Amino acid sequence: MSTATEDRTDQAEGRPRVATRWVLAGTLLVSLLLAGVVSYYAASSPDGLEQVSQTLGFHTTETDHELSDSPFADYGTAGVSDGRLSGGIAGVAGVLIVLVLAGGLTWAVRRRRPEQDSTDQASTGETAA
């Protein structure tokens, strides 16, 4: 008989298993550190499209897009004068926004488990066709 405090092991290889929540927490932590701290040290040279436009000479026709005055436009945070902090806040906000959107989408389209369906049918008195 196993207890809740015993380590789970992968039966095929005998290795300890890592709980999904620890993997997700670690992934979130690394993502936030990369977005909030490491991104400051990224190359300051233009990205690929900007570099090509400068090389080919059509960068002078560039215009701002409709969202250029949004709070996180141009890899920064509006109203924050410190460039390092501004970029860090924008990066962390971007990670959190993507996490919420992806989590919400996953939750919305997830498949129900068969045992949930049978439990729901039993509680409502429905039978499977």
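Which backbone oxygen lies 2.8 Å from a polar atom of the side chain of Ser 53? The notes below take this up after the confidence values.

1. Basis. This is a predicted model, in which local features need pLDDT of at least 70, side-chain atom pairs count only at pLDDT 80 or more, and totals for chains, interfaces and linings use all residues. Residues are numbered from 1 along each chain as its sequence is written, and side-chain values use heavy atoms, with hydrogens and water left out.

2. Confidence. Mean pLDDT (the predictor's confidence in each residue, from 0 to 100) is 81 for the protein. At least 70 is reached by 75% of the residues. Helix 1 (residues 20-36) scores highest, at 93. Helix 4 (residues 114-124) is lowest, with a mean of 58. Helices here are DSSP runs of H or I, at least four residues, numbered from the N terminus.

3. Ser 53. The oxygen in question belongs to Glu 50. Ser 53 sits in helix 2 (residues 48-56). Its relative accessibility is 7%, so Ser 53 counts as buried (under 20% relative accessible area; exposed is over 50%, partly exposed in between; 1.4 Å probe, protein chains only). Leaving aside neighbours within four places in sequence, Ser 53 is in contact (heavy atoms within 4.5 Å) with Phe 58 and His 59.

4. Tyrosines. Tyr 40 and Tyr 41 form an edge-to-face aromatic pair, 5.2 Å centre to centre with 85 degrees between the planes. The rule asks for ring centres within 6.5 Å, and edge-to-face means planes over 60 degrees apart. Tyr 40 is partly exposed at 45%; Tyr 41 is exposed at 58%.

How values were computed. Helix = DSSP H or I, 4+ residues; strand = E, 2+ residues; numbered from the N terminus. Phe/Tyr/Trp six-rings, centres within 6.5 Å; stacked < 30°, edge-to-face > 60°. Polar contact = N/O pair within 3.5 Å; in protein donor to acceptor, adjacent residues only side chain to side chain.
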